[in-house]
Amino acid sequence: MAKTFDIAIVGAGITGCAIAWQLARYDLSTCVVEAANDIALGASKANGGLVHAGYDPAPGTVKAQVNARGCELYGTWAQELGFLFRRTGSMVLGFNDEDRAHLEKLRQNGLASGVPELAIIGPKRIRELEPRASADATCALWCPSTGYVDPFEVAIAALENAVANGVTFMRSAPVEAIEVADGADGGTAADGKGRARFTLVTPAGNVRCRYLINAAGNGAADISHMAGAEEFQMVWRQGNIVVLDKEPRALMPLYPVPTPVSKGVIVTGTVHGNTVITATAAVREPGDTQTYASDVNALLSGACKLVPGLDTRRVVRAFAGGRPVIQGTNDFFIGQSAVVPGLFQAAGIQSPGVASAPAIAERMEQVLRDAGVNLRERDDWNPIRRAPDDFDRAPLARKEELIETDPAWGQIVCRCETVPEAEIVAAIRRRPGAVSVEGVKRRCRAGMGRCQSGFCQSRVVAILARELGCDPSEVLLEDAGSWLVEGPLKGVR
């Protein structure tokens, strides 16, 4: 039997999760439908996590309208949702007079879009702000509002709070077809006066809804097509990314002068102290997540131009993903479908999608209001999510308190990131919780460190099997079919 909601959101990337959080405050039943078995497994996972300030998009574009506003909202978001966010500032480095002219254009772009405190600075100030920046840089665009996050942590935090406020999450539910009924009357599904217009056909069960929000990332064109709405094509603009081991002091984000299709090779710190080099931009076959030697070499050489002393031998991981770009436009598509009333599009959310997510959610709320959707705030809405205990970052007194309450907090499973068994158990039991090794990794960083799970993976598999009530051979690395254990090598009779 199909489940009925007022609103269904297709896609549990950072955009879909942000919209779910934004709408959770209203007296509407909402469901997030995700094809994969966890949150943020698409473009939201495969990026550098930069909260770009908003000087790059052309003024007047949808990107420009939501980028600066999203960056501004991140401070409040981090406080309410309990995720790590560092507003470090950034520099775009220039090396000649031509670069300086381009930096001035970026500054003017930013001023037109409301980016605060932009300034062109010289070599002395560059070195004061980031001593490791190239001594060959003659000028830079200094932007104090730039920052960085773990994008999957933001998505997880937003959806956890949304679920705590009554939103339903359906995982492993790829949309196979969409049935659209003629017309829709007033009211809501909750009060029994509304009539569902859309039926989403999924292997996990059908979902009926009055309003449908397409936030499917690289699958957005397919969802739009299935609903009989706008026809567009997605381009898989693939990016390779390299992660270096932790540094004593995290680098400020350093950018080169951008190209027409990319911000170029960027070097940045992370909220956990690693250095990330991000990202190449090459149009490849949809779904290609392979890393390429030519791309990795381009990243390493580009990084060394910005930070000559960077030790690129300290690579711990290279990975790749695809930006969801709409063919023929370099802008976001946010609004109600002009073809199918009741369908709302949040498509083409490429970079700066992470930075823009809070403002995209805010904008989608306004689009729904403008379409006549009745948004009445709930009396019991709670926007606050308490951050889970992070044993590695906790003060000594808190560590001792945790171990006193449960000795499993003292049983270290992941040595690189100092993750104890109890923290892994908590990651699995959260709502929505981890159901795979990578799901644990994204929530508490077990396996994220220097050895890349060489020591801890078998322990994590055992804990998942115990908590999920399954055999270790059924535990997945990530999505369906990614089993890690075939069976026992030898047994006891």
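Which residues in α1 meet which residues in α8?

**View 1. Packing of helix α1 against helix α8 in the predicted model.** Helix α1, spanning residues 14–23, packs with helix α8, spanning residues 353–370, at an angle of about 50 degrees, and their axes lie 8 Å apart. The crossing in which α1 passes α8 is right-handed.

**View 2. Residues in the contact of α1 with α8.** From α1, the residues Ile14, Thr15, Ala18, Ile19, Gln22 and Leu23 take part, and they meet Val354, Ala357, Ile360, Ala361, Glu362, Met364, Glu365 and Leu368 in α8. Of the residues in this contact, 10 are nonpolar, 2 are polar and 2 are charged.

**View 3. Ser351 in the loop between β19 and α8.** Ser351 is found in the loop that lies between β19 (343–347) and α8, and with a relative accessibility of 25% Ser351 counts as partly exposed. Between the C-alpha atoms of Ser351 and Thr329 the distance in space is 13 Å, while the two residues are 22 residues apart in sequence.

**View 4. Contacts of Ser351.** When residues up to four places away in sequence are not counted, Ser351 touches His52, Lys63, Lys263 and Phe332. With one of these residues, Lys263, the side chain of Ser351 is joined through a side-chain to side-chain polar contact of 2.9 Å.

Definitions and conventions. Residues numbered from 1 in each chain as written. Predicted model: local features only at pLDDT ≥ 70, side-chain atom pairs only at ≥ 80, totals over all residues. Heavy atoms only, no water. Axes fitted to C-alpha atoms, helices over the stretch in contact; angles between N-to-C directions. Helix = DSSP H or I, 4+ residues; strand = E, 2+ residues; numbered from the N terminus. Left-handed = near helix turned anticlockwise from the far one by under 90°. Contact = heavy atoms within 4.5 Å. Nonpolar A, V, L, I, M, F, W, Y, C, P; charged D, E, K, R; others polar. Buried < 20%, exposed > 50% of the residue type's maximum accessible area, 1.4 Å probe, protein only. Polar contact = N/O pair within 3.5 Å; in protein donor to acceptor, adjacent residues only side chain to side chain.
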